[in-house]
Amino acid sequence: MSNKPYKGFEPNWLRTPAPEGSYRSIFRWGDPNFFKFPKESLYKMMKETFKMTDDDFKEYTDDIGFDQVDLSDHPSNIDPKHIKALKKIVGDDFVTTEDYPRLAVAYGCTGYDLLRLRHKQVENVPDVVVYPDTTEQVEQIVEYAVKNAIPIYVYGGGSSVTRGMEAMKGGITLDMRKRFNKVISFNEIDQTITVQAGMSGPKLEQTLNDAPILFGAKRAYTCGHFPQSFEYSSVGGWTVTRGAGQNSSYYGTIADIVLSQKYATPIGKIVTSHYPREATGPNLNQIMMGSEGTFGILTEVTLRVFRYMPENRKRFSYMFKNWETAMDAAREMMQCEAGYSSVFRLSDPEETNLMLRLYNVDDTPIAPMLDKFGYKDMERCMFLGFTDGEKGFSKNVAKNIAKIALKHGAMPMTGFVTKSWEKGRFNDPYLRDSLMDFSIITDTLECTVNWSNMAQVHRDVRKVCHALPNTVVTTHMSHCYPQGANLYFIFITKMNDADEFKRYHTTILDAIQKSGAAISHHHGIGKMFAPWLEGYIGEKEYGVFKVLKNYFDPDYLMNPGGTIGLDLLPEEKKFLNERKDYR
């Protein structure tokens, strides 16, 4: 955000770090000493959209969460003998039934989670939190839990927006952040790294960048996986949800980057093959990915790595006159067989309107030029990204993107736009906390579409999102392919009730499924999207998941309570007969 001071009234943005042991220290995003607030032009836009005045921003209208965590109404119910047994496995200092650690691993980062935490609506917490150190310890914990019929959950980085790790049935939660985050091996000949599942994004990337120092490697490397939650998500979380990073058009999603996996399951250790390609029956790597802890606990992951060559990066940004033209250009870029850029992001008119403010383009000479040359507000579409890879390849991809963009009437913009986006790409979530203090909430949903139904899905889903009055609904295309892309919807509205949020969220998921789009491109399913999964996959097709569940976890102790819908009742599932079929 701009560092310019407000010329007029400035809201009473909270600038105090969350007290240690408080609710806010749990629901607040990331670094407790980092703050981000809307700049003045964005604040004025929100006031107008939400029909608010300066008076609405003088005092906080939602709980700021400075109270100390108190779970006296939700005591741990685990038998002391189990605590003793778990301590024997991991050590006395790495098992706890205290209130704060239990709540700290209970919820993720969807708006529903954050609103419940703000209002102290504690529903599902584990009875005990365990901090494992080795794969062998995790295997012993799973074996013990199964033998004693104790539910078991996993907390990686906590950035789930699907209620992925919520301990619906109490039991054990393994918190992987403290100790389960080590490098197992690095192989420069194969260009792979094997890490424990709790490894964070920044630690993984720094390790690869420092490969010459740490491993005596010939060069620096990168993982190429950079989700917006990069700073506070884990390799295990990326893998079990089939996640995608913002650079996926070149490096691939995590499903492309993962080479092999190791799981601790109720039936024993499962290790997948480590070869890049095989014709040896169904691919077990792909079967295990996306299981979200319902088959077993992911312990180790081997990832493909890539040469780190930031000096070859070519940034670009263009403005198209309308969404239809921009979509046509994007499709041609992905189908021209001249290589793919690393970041490939196209914003629709409403998102473009917001981004020009969010990334300070409205304060530059670019803004008046857009109007002068006929790129009209709420019609124009911003396209930005950058290329990676070998110098000649990177340059050629950028050259072909420029050629296609200009052919479709796009106006070139400066590198400032993309650099501004890069600067905020990982810290935009901090804005959400500031806005929620004044009862303004923002959240996201995304889906996969083909080029042939993209315009229809974009139109249909946005119509449902906008059914809630005075709501900002932005959409961008990202994670693109020759056959289609991801459409990412962000809504911003005035709301501070968890049940109201859930009702609104449900209408959007209904619309996505009815439109024929995939209900998730990279967020996973968790317990929040689970009611829609069987209706989307198909009953017979979903039966394959059930067979796998019954093979790996016949007692339903691995992440129980609705994860990917495996133990939902029939009446809890969503089947929409009107769903369009594009297959």
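Biologist: Which residues make the nonpolar surface patch?

Modeller: V183, I213, L214 and F215 make a nonpolar patch of about 370 Å². Keep in mind that this is a predicted model: local features need pLDDT of at least 70, side-chain atom pairs count only at pLDDT 80 or more, and totals for chains, interfaces and linings use all residues. Residues are numbered from 1 along each chain as its sequence is written, and side-chain values use heavy atoms, with hydrogens and water left out.

Biologist: What counts as a patch?

Modeller: Patch residues have over 30% relative accessible area and no salt bridge; like charges are joined within 9 Å, nonpolar side chains (Val, Leu, Ile, Met, Phe, Trp, Tyr) within 5 Å. A salt bridge is a side-chain nitrogen of Lys or Arg within 4 Å of a carboxyl oxygen of Asp or Glu. Areas are Shrake-Rupley with a 1.4 Å probe, and for residues only the protein chains shown count as cover.

Biologist: Which helix gives the most to the patch?

Modeller: Helix 8, residues 211-215, with 3 residues. Helices (H or I, at least four residues) and strands (E, at least two) are DSSP runs, numbered from the N terminus. L214 sits in helix 8 and is partly exposed, at 49% relative accessible area. The classes are buried under 20%, exposed over 50%, partly exposed in between (1.4 Å probe, protein chains only).

Biologist: New topic. Is H225 buried or exposed?

Modeller: H225 is buried, at 1% relative accessibility. It lies in the loop between strand 7 (221-222) and helix 9 (235-240).

Biologist: What does H225 touch?

Modeller: Leaving out residues up to four places away in sequence, H225 touches F230, W238, G243, A244, G245, I254 and I257. Contact means heavy atoms within 4.5 Å.

Biologist: How many residues are in the largest nonpolar core?

Modeller: It has 72, and L103, F320 and M477 have the most contacts inside it. A second, separate core has 55 residues, including V130, I193, I257 and F426. A core here is a set of buried Ala, Val, Leu, Ile, Met, Phe, Trp, Tyr and Cys residues joined through side-chain atoms within 4.5 Å.

Biologist: Which strands pair with strand 6?

Modeller: Strand 5 (residues 183-187) pairs with strand 6 over 4 bridges, antiparallel. Strand 10 (residues 297-304) pairs with strand 6 over 5 bridges, also antiparallel. Pairing needs at least two DSSP bridges between the strands. S185 has T194 as its bridge partner, and Q196 stands opposite E300.

Biologist: What about the turn between strand 5 and strand 6?

Modeller: The two strands form a hairpin with 4 residues between them, and Q191 in the turn has a positive phi of about 55°.

Biologist: What order do the strands of the open sheet take?

Modeller: The 7 strands run 15-12-14-13-17-18-16, with antiparallel pairing. Strand 15 (411-412) and strand 16 (440-450) are at the edges with a single partner each, so one side of each has no neighbour in the sheet. Strand 16 joins strand 18 (residues 484-494) through 11 bridges.

Biologist: Last one. What do the buried residues of helix 2 pack against?

Modeller: Helix 14 (349-358), helix 18 (429-436) and strand 17 (472-481).
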